[in-house]
Amino acid sequence: MSAPNDTVAIQRASNVRLMIFDVDGILTDGSLHFGPDGEVSKTFNVLDGHGIKLLQQSGVSTAIISARQSPIVLRRATDLGIHHVFQGIHDKRSAFEQLLAQTNTSADACGFVGDDVIDLPILLRVGFAASVPNAHAEVRTRVHYVTQASGGRGAARELCDFILRAQGNYEAALAPYLA
């Protein structure tokens, strides 16, 4: 796992202008709960959500790229002010290329956090690649930063805080709450 003072990860995180999140296993713990009528529910962490909002307030744009299609994800993205949402796309590389074109952002200015091999095409292209400790081993060995917290259990918040610190914006993000 990467330590929060890892120089390479800090340098790469300092350049992030667009942070992209996978959903299952990152913003959730990866569990899918099926109701009696086949509906799927997911659990999101409020700390993760507030971290995403703090990141946005500091000037970092956010996006979601997920292989699964879910109205719950769209609802959560709307609640968090995430305007770029790609769902139901198994070729994440093509979604990533579309996102770069839509936002006029270079791959080097992007961060991505994913947990499975389907995420590798993006993780290998972005300037800052991150994952979670419960990710597939092939992913964990190819990223710049692995969170201490697991997916759906504060990993996204930890990552947002790491980026804010790397960019020198952490104290400013907290200032309204400390006044």
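## Briefing: sheet, core and salt bridges

A130 stands opposite Y145 in strand β8, which is a handy place to start looking around. Please keep in mind that this is a predicted model.

- Six strands make up an open sheet in the order β5-β4-β1-β6-β7-β8, and their pairing is parallel.
- The edges belong to β5 (84–86) and β8 (145–146); each has a single partner strand, so one side of each is left without a neighbour in the sheet.
- Two bridges join β8 in the parallel sense to strand β7, which spans residues 128–131.

**The nonpolar core**
- The largest nonpolar core has 55 residues, and the members that touch the most others are M19, I20, F96 and F128.
- Helix α7 (residues 155–166) is the biggest giver to this core, with eight residues.
- Leaving aside residues up to four places away in sequence, I20 touches A63, I64, I65, F96, L99, C110, G111, F112 and V113.

**Helix α3**
- Helix α3 covers residues 71–80, and V73, R76, A77 and L80 in this helix are buried.
- Looking down the axis of α3, you will find its buried residues within an arc of 100 degrees, so they line one face of the helix.
- As a reminder, an α-helix has 3.6 residues a turn, so residues three or four places apart point the same way.
- The buried residues of α3 pack against α2 (46–57), β4 (61–65) and β5.
- P71, R75 and T78 are exposed, and they sit on the face of α3 turned away from its buried side.
- Where α3 starts, a side-chain oxygen of S70 comes to within 3.2 Å of the backbone nitrogen of I72.
- G81 follows α3 and has a positive phi, near 75 degrees.

**Two loop residues to look up**
- G152 is in the loop between β8 and α7, and its relative accessibility of 5% makes it count as buried.
- Not counting residues up to four places away in sequence, G152 is in touch with I26, L27, T28, D29, N45 and D48.
- N104 lies in the loop between α4 (92–103) and β6 (110–113).
- N104 is exposed, at 74% relative accessible area.
- The phi of N104 is near 50 degrees, which is positive although the residue is not a glycine.

**Salt bridges**
- There are nine salt bridges in the structure.
- Since K92 lies in helix α4 and D22 in the loop between β1 (18–21) and β2 (33–34), the pair ties together parts that are 70 residues apart in sequence.
- K92 is buried at 2% relative accessible area, and D22 also counts as buried, at 5%.
- K92 forms a salt bridge with D119 too, with the closest N and O atoms 2.5 Å apart.
- D119 is in the loop between β6 and α5 (120–123) while K92 is in helix α4, so this pair ties together parts that are 27 residues apart in sequence.
- E97 and R125 form a salt bridge through their side chains, at 2.1 Å from N to O.
- E97 belongs to helix α4 and R125 to the loop between α5 and β7, so the pair ties together parts that are 28 residues apart in sequence.
- E97 counts as partly exposed at 36% relative accessibility, as does R125 at 34%.

Note on methods: Residues are numbered from 1 along each chain as its sequence is written. This is a predicted model: local features need pLDDT of at least 70, side-chain atom pairs count only at pLDDT 80 or more; totals for chains, interfaces and linings use all residues. Side-chain values use heavy atoms; hydrogens and water are left out. A nonpolar core is a set of buried Ala, Val, Leu, Ile, Met, Phe, Trp, Tyr and Cys residues joined through side-chain atoms within 4.5 Å. Buried means under 20% relative accessible area, exposed over 50%, partly exposed in between (1.4 Å probe, protein chains only). Helices (H or I, at least four residues) and strands (E, at least two) are DSSP runs, numbered from the N terminus. Contact means heavy atoms within 4.5 Å. Two strands pair if DSSP finds at least two bridges between them. The arc is that of the directions from the helix axis to the C-beta atoms. A polar contact is a pair of N or O atoms within 3.5 Å; within protein, one must be able to donate a hydrogen and the other to accept it, and residues adjacent in sequence count only if both atoms are side-chain atoms. A salt bridge is a side-chain nitrogen of Lys or Arg within 4 Å of a carboxyl oxygen of Asp or Glu.
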